[in-house]
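Trainee: Could you take me through one part of this model slowly? I would like a close look at its nonpolar core and at what surrounds it.

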Amino acid sequence: EEAKAEGNDMYKEGWYPEAILEYNRALKLLEQNNDPVADKDLWAALHLNLSVCETQVGNYDAGVVYATTVIEAGVTTAKAFFRRGEAFHRSNKLEDALRDLEHAKSLEPTNASISRALDTVRRKQKLEQVKKQSPEPDSTLSQKPRV
């Protein structure tokens, strides 16, 4: 718990690499001192905190893996799907992001953060579709004539 609290303080300050170290330390202590399955809430919280921190520093695949670990362990909270959806979104895997964020929304329909993330991904998808349907501009038209 103490290492987790240290990680939370680091996270709040925006010191994500330091928070990752503290959360990993907390996980190691949990595994040494307890059966992680016995303290599933703490175990899941540490993994989800690692997911958001890894996503913040650009390690999107690691963010996905940490959240997926929690989901596969049977902890199917909105936060787990939200964290994974955000990691997918940041890595531009919009279909995967949409799937997870919609599932998170179904679990917590009034969560404003989930709603905002879902709206952002939907807008991004629409923009991608428009880009695919629009013809490429003719590069010769954008050149200024020589005088």
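Mentor: Gladly! Let us begin with the term itself: a nonpolar core is a set of buried Ala, Val, Leu, Ile, Met, Phe, Trp, Tyr and Cys residues joined through side-chain atoms within 4.5 Å. Keep in mind that what you see is a predicted model. In it, the largest nonpolar core has 37 residues, and L46 and V70 are those with the most contacts inside it. At least two residues of this core come from each of helix 1 (2-12), helix 2 (16-33), helix 3 (40-56), helix 4 (60-72), helix 5 (78-90), helix 6 (94-107) and helix 7 (112-133). Helix 3 gives the largest share, eight residues.

Now set that against the whole chain. The chain has seven helices and zero strands. Of its 147 residues, 37% are buried. Among contacts with a separation of 6 or more, 46% join residues 24 or more positions apart.

Next, find L46 in the picture. Leaving out its neighbours within four places in sequence, L46 is in contact with K4, Y23, A26, L27 and L30.

From here, turn to how helix 1 and helix 2 sit together. Their axes come within 8 Å and cross at roughly 165°. Because angles over 145 degrees count as roughly antiparallel, helix 1 is roughly antiparallel to helix 2. The crossing of helix 1 past helix 2 is left-handed. On the helix 1 side, A3, K4, E6, G7, N8, M10 and Y11 take part, and they meet Y16, E18, A19, E22, Y23, R25, A26 and L29 in helix 2. Sorted by type, the residues of this contact are eight nonpolar, two polar and five charged.

Between these two helices is a loop, and G14 lies in it. Follow G14 across to C53: the two are 39 residues apart in sequence, yet 9.1 Å apart in space, C-alpha to C-alpha.

T55 counts as buried because its relative accessibility is 7%, and the cut-off for buried is under 20%. Setting aside residues up to four places away in sequence, T55 touches Y60, G63, E86, A87 and R90.

Technical notes:
Residues are numbered from 1 along each chain as its sequence is written. This is a predicted model: local features need pLDDT of at least 70, side-chain atom pairs count only at pLDDT 80 or more; totals for chains, interfaces and linings use all residues. Side-chain values use heavy atoms; hydrogens and water are left out. Buried means under 20% relative accessible area, exposed over 50%, partly exposed in between (1.4 Å probe, protein chains only). Helices (H or I, at least four residues) and strands (E, at least two) are DSSP runs, numbered from the N terminus. Contact means heavy atoms within 4.5 Å. Axes are lines fitted to C-alpha atoms, for helices over the stretch in contact, and angles run from 0 to 180 degrees between N-to-C directions. Angles under 35 degrees count as roughly parallel, over 145 as roughly antiparallel, 65 to 115 as roughly perpendicular and the rest as oblique. A crossing is left-handed if the near helix is turned anticlockwise from the far one by less than a right angle, and right-handed if clockwise. Ala, Val, Leu, Ile, Met, Phe, Trp, Tyr, Cys and Pro count as nonpolar, Asp, Glu, Lys and Arg as charged, and the others, Gly among them, as polar.
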